[in-house]
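Student: Hi! Could you walk me through this one while I have it open?

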Amino acid sequence: MRPRPGTVLLSALLIVLVAGFALPRTAHADDPLAAKELQVERQLGCPICTDLPLNVCDNELCQEMRGVIHQKLSQGETPDQVVAYFVSRYGDSVLLSPPQQGFSLAAWYLPFLALVLGIAIVLTFLRRSLRRRKVVERRFQDQDPTLDPYRQQVRRDLEKMEKSR
Amino acid sequence: MADLGTVALLLAVAAALYGILASVLGAARRDPTLVRSGRNAALSVTALLVIAAAVLIYSFVTHDYSVQYVAEHSSREMSLPLTIASFYSGQEGSLLYWATTLAIYTGVVIWQNWRKNVALMPYVTAILLSIETFFLLMLNFVSNPFVRLPFTAPDGLGLNPLLEDPGMLIHPPVLLGGYMSWSVPFAFALAALITGQLGTEWIRSTRKYALFSWAVLGMGNLLGMWWAYHVLGWGGYWGWDPVENAALMPWLVGTAYVHSVMIQERRGMLKVWNLALIIITFNLSIFGTFIVRSGVLSSVHSFAESSLGPYFFSFLALSLVFSLGWLFYRMPELKGEHEFESALSREASFLLNNLILLGIVFATFWGSIFPLVTEALKGVKLTVGPPFFQRVDGPLFLVLIALMGIGPLMPWRRASTRTLQRNFGIPLAVAAVATAALLAIGVRLAPADLALFLCTFVLATTAQEFVWGTSVRLRAGQNPLLAFVNLLRSNRRRYGGYVVHVGIILIAIAITGSQFYQLEKNTALQPGQTVSIGRYDLTMGQLHEAAFPGYRQVWADLSVRQSGQDVGTIDPAKQFHTNFETEPNSKVALLSTPLDDLYVVLAGWQPDGSANLFVFVNPLVMWLWVGGIVLLIGALITLWPEAEPARVPVARPVREGVRVEAI
């Protein structure tokens, strides 16, 4: 059986959505160490000014923190370990996005939950609308078959109108 | 002189309140004299506010430092354009700016519609005056720009240095104007609900107003991005800061509205939905206007915090309850005239686009307030910043771009499989080839490839629409250029809309390039040392320091080579402004090319003469601004007034006349 075009389209959109969320986001840089440093710095905020990302904050504390990141990464720690180190020192508020655990999961997943709910509502609405429409159509078609040529004419004209628009 | 402003503001409140009463009573009792009196009251509010605004400008220009607001926001050494722009640099002035532009816009709307919409206009007037009244109450009793100091200061404090920029002359007025202008579609929608005249009347009257608001708010956002990019010095144009989010949200809901309203016009469906969208857009605009000032959410843009919070939340609550209450009351009368015929249709794809847009708005809103939620429930204040929004909003934007390609390929009512194959074939092939080419030249970050695949798909779709439309005319014997221009003129809204889509795609391409392929280096250079980044080599010259009128500046001169070729010197600087010595601001050095921008910030310096630099290479950012201009052109095409059919007395048979007009 050939898949219906609607299903194909919707699954394509769903793949875009999931891929966009799940595909890894590596920092782009000249050398691997610098890329890792950026990856860490972009996850952390300046603890003393208005949450400026660490990589673009020019105060002394942030400069020191960048030094620590550089040192730890060149000693072979992973980016995740370095981030965890700063969380243990400054608390969760040093992170630029809520941690993916506990209550903060609500921050990450509620939007998608709302979207799923929205899609469910719209689909129900569409399906009801389509069903009502079918009832009307069936009644229309049950009538006199001698009207068929006229119906076809109407359909042709409508299509022509659609094309010329 | 400033006292004249105080008096004008007081009189304006009285006139506005009278205007509301007269309009509503006049409409209810069908008393044309009273209705006209209400209209005249509205026009006098316009006049009074123009006077008040003129007085404030006059106080700025004449350096009247007995007025507190003038003394706190300007100084003698500022240039004339900046002195005038100080008008809206603080809270009192930006409220007055909002109120004055709303009053002028109200006058324009009355002038354009008074004869056309006899039934709606008294209520439209009353609603616009009610919004005006809120602002006037704030201006008179909470945040008055004409308050006098007990003495006359010899000189003013001057403007916050971050605001001393050409961006100041254009970004705030456009953004605030965008917020303000959504009042008009809202007023028409609410008037339709109140009068029960729920036909297409209000939609037809507000179509252009809504598109205008959409375009102005969009430009306000883009100008804000441009300003942030060249002033704030963090190498980017969008920081997902609460204030930025607040400006984005009404624009996104407005985008949903200008699309879904087409379904109502063509098919008489989704009436409740459209009314709800316009109500949300207006209230988000009010939210955006005040969030900068309320101090509820911390932001880098909070140049002025204040006690306005409670008043504005009360106004928001009142406006929401009132408008949603009327919507609920009229619900039974708002049934659709048609049913959906297929899930594969223009209507259904618009519905899906609306859903995604609202999804983005919800995610953005949720992310912006989440710190407040955790603080209330858990007692910890978390940060929700760029990594969150990139991860959550980013994929939704990708789906939206895909829909920008799919929507125009879908016929109204229903699509047959044949139509779909015919419409999708070429664009998908073009996108596939383009993506293969990108992979071949080394663009191999999966999310970037996905985004660029979708962007080229939309561009190909749009091009296909233009080619098909033009070729019909070519067959009719017109020359190609004329055929193209006539195509645009034949359906300005549709083809103008496609031009807007092209602008959005250029912006999306620029964002993709600069998000995924930004290079940055954080480096300290001694005189003579060189740093390489991407295709650029920067060699440090010397550090300099000098005093200028109003500020002291430290800068570094660096010579730049691009792919080995000398392209001149740049001089990133830090400026220390008088009265603001502890908050130096950066002067970014920017070298812009179509391929990428070299963006250098002087972060600090050492006693030995070395400079700490943030160096960025931001690919494709120029296309962000080009996309903005294309978007503006598209919006102008859709907004351009249709030539009114000339009313010629019938001197010849009508048929002949029609034929002549058609040529």
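Student: What is the mean pLDDT of chain B?
Tutor: This is a predicted model, and chain B has a mean pLDDT of 89, with 95% of its residues at 70 or more.

Student: Where in chain B does pLDDT stay under 50?
Tutor: Look at residues 652-663 of chain B. For that stretch the model has one contact beyond four places in sequence.

Student: And what about chain A, what is its mean pLDDT?
Tutor: Chain A has a mean pLDDT of 83, and 88% of its residues reach 70 or more.

Student: Which elements of chain A have the lowest and the highest mean pLDDT?
Tutor: The lowest belongs to helix H6 of chain A (residues 148-164), at 77. Helix H4 of chain A (residues 79-90) has the highest, at 93.

Student: What ipTM and pTM does the model score?
Tutor: The ipTM is 0.83 and the pTM is 0.90.

Student: OK, on to the interface. How many residues does each chain put into the contact?
Tutor: Chain B gives 55 residues and chain A gives 49 residues. On the chain B side, the elements that each supply at least two residues are helices H13 (346-378), H14 (386-409), H15 (417-440) and H16 (446-475), together with strands E1 (519-525) and E9 (596-605).

Student: Which of those supplies the largest share?
Tutor: That would be H13(B), with 12 residues of the side that touches chain A. By class, this side of chain B has 37 nonpolar, 12 polar and six charged residues.

Student: Let's stay with H13(B). How does it cross helix H10 of chain B?
Tutor: Helix H10 of chain B covers residues 242-267, and its axis comes within 9 Å of that of H13(B), crossing at roughly 160°. That angle is why H10(B) counts as roughly antiparallel to H13(B). The crossing is left-handed.

Student: What classes of residue make up that contact?
Tutor: The contact of H10(B) with H13(B) divides into 14 nonpolar, eight polar and two charged residues.

Student: Now chain A: at what angle do helices H2 and H3 pack?
Tutor: Helix H2 (residues 32-41) and helix H3 (residues 60-74) of chain A pack at about 130°, and their axes lie 10 Å apart. H2(A) is therefore oblique to H3(A). Their crossing is right-handed.

Student: And which residues of those two helices meet?
Tutor: Leu33(A), Lys36(A), Glu37(A), Val40(A) and Glu41(A) in H2(A) meet Arg66(A), Ile69(A), His70(A), Leu73(A) and Ser74(A) in H3(A). That contact has four nonpolar, two polar and four charged residues.

Student: Last one: what domains are assigned to chain B?
Tutor: The assignment gives domain 1 (1-161) and domain 2 (393-516). Taken over C-alpha atoms, the centres of these two domains of chain B are separated by 45 Å.

How values were computed
Residues numbered from 1 in each chain as written. Chains lettered and ligands numbered in written order. Predicted model: local features only at pLDDT ≥ 70, side-chain atom pairs only at ≥ 80, totals over all residues. Domains from an automatic or database assignment. Contact = placed C-beta atoms within 7 Å. Helix = DSSP H or I, 4+ residues; strand = E, 2+ residues; numbered from the N terminus. Nonpolar A, V, L, I, M, F, W, Y, C, P; charged D, E, K, R; others polar. pLDDT = per-residue confidence, 0-100. Axes fitted to C-alpha atoms, helices over the stretch in contact; angles between N-to-C directions. Parallel < 35°, antiparallel > 145°, perpendicular 65-115°, else oblique. Left-handed = near helix turned anticlockwise from the far one by under 90°.
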